[in-house]
Amino acid sequence: MSSTAETAAPQSRGGGQPRSGHGRRIVAALAVTQTIGYGVLYYAFSVFLTPMAHDLHATNAQIAAALTLSILITALCAPLVGRRLDARGGRGLMTAGSILGTVAVLAWSRVDSLAQLYAVFAAIGVACAMVLYESAFAVIVSWFDGPTHARGRANALLALTVVAGFASTIFLPLTGLLVEWHGWRQALVILALIYGVAAIPLHALVVRRRTHPKQKPATAEERADIVKAATRRRPFWLLVIAFTANGGAAAVMAVLLITYLIHLGHSPVLAATLAGLLGVLSVTGRLLTTGLQRRLPAALIAAAIFALQGVAVLLLPLVGHTVPGAIGCVLGFGLGFGIASITLPHLLLQRYDSTAYASLSGRIAAFSVTDKALAPLGAVALAQAVGYGWVMGAVAVACAIAASALVAYHRI
């Protein structure tokens, strides 16, 4: 497991006992802001799609392009945000991002044209890069620094992702009710206020970066050397391949699962219910993965679950016509739906330490988030050209690639 990047990384800077009291407050604050952030800045969009298309005299595809643009902007910003997090910590960045997100959602409520909508979602993409998972993980990694705090860090990441995993469960019905009661523009104003009132003060007042007065902080040059050394070697690119392939597969299933289940003959209600299990199963998968990581290599655990996802998707066209078959396939795929978010930090810290964690995570996010944005578009085009069966086959291949890359990573 040795590498140039490992030798370039200084020894852990996490000496001493963690200030567990404030650490818990940071985790609790981030759990709240991530849940609301994902709910408002990402999941709520699907509820607004149809009423926006009607009011702006646009097609659903034209409106949906705004979200794709936002995700691509997030990917583009990820490396820069990662370097900023390593250098300065998350307090100022996440506070500024939550202010930008609040203002952008308020501006979203006033758009009258597609050009305005796209401009607003470009700003939302920047805000997402500043405030969502990658930034929150970097804050937690910085606070629970060093091998002596590994269990506390794992528990903190698990708690954060378990709570935030319910963002869609909370905000999809809430947004639907707000649109029904107040219309989509006023609903956005309410959501912006909810997000701003919660996220801005929590990021500004609770988020901190641990300081180690007896140790000299890493310089920008030292962090750049670690990143350069890592990106010149095979293990880093195996992680890129694994989590990019898995991210694309998950994004395709999130977008097309309901449509495909209806195509297989299930009712829209049953299809939506089964797709809704993905959020709950992502929490189950995270709990299972975190427990197993204490006994087995994290890369092999994730590889096995990614492989299970591939088998489930491959079986879906064959057995998904029946209700038990569809349930079984959704369960198999859903167990791996959220494990990337807790597996990647573990693997990065295990190999490269925490000194340049956010920079390396940002580099990987640039690839994986881009794939999450583009893969569903390619899947829709493929489905229209040759059918959904080929899409499921492509998703299965992506899962197999992700699993194989992690097995190869473990063997290095």
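Helices (H or I, at least four residues) and strands (E, at least two) are taken here as DSSP runs, numbered from the N terminus. The model is a predicted one, in which local features need pLDDT of at least 70 and side-chain atom pairs count only at pLDDT 80 or more, while totals for chains, interfaces and linings use all residues. Residues are numbered from 1 along each chain as its sequence is written, and side-chain values use heavy atoms, with hydrogens and water left out.

The chain has 18 helices and zero strands. Its radius of gyration, taken over C-alpha atoms, is 21 Å, close to the 22 Å that the globule rule (2.2 Å times the number of residues to the power 0.38) gives for 412 residues, so the chain is as compact as a globular protein of that length. Along its principal axes the C-alpha trace spans about 60 × 45 × 35 Å. Of the 412 residues, 53% are buried, where buried means under 20% relative accessible area, exposed means over 50%, and partly exposed lies in between (1.4 Å probe, protein chains only). If contact is understood as heavy atoms within 4.5 Å, then among contacts between residues at least 6 apart in sequence, 85% join residues at least 24 apart.

A pair of aromatic rings is described by the distance of the centres and the angle of the planes. Rings of Phe, Tyr and Trp (its six-membered ring) pair if their centres lie within 6.5 Å, and planes under 30 degrees apart count as stacked, over 60 as edge-to-face and the rest as tilted. By this rule the chain has 13 aromatic pairs. One of them, formed by Tyr-133 and Phe-137, is stacked, at 4.9 Å centre to centre and with 15 degrees between the planes. Both residues lie in helix H7 (residues 133-143), four residues apart, which is about one turn of the helix. Tyr-133 counts as buried at 10% relative accessibility, and Phe-137 is buried as well, with a relative accessible area of 5%.

A second pair joins Tyr-260 and Tyr-388, whose ring centres are 5.5 Å apart and whose planes stand at 40 degrees, so this pair is tilted. Here the pair links distant parts of the chain, with Tyr-260 in helix H12 (residues 234-263) and Tyr-388 in helix H18 (residues 388-411), 128 residues apart. Both Tyr-260 and Tyr-388 are buried.
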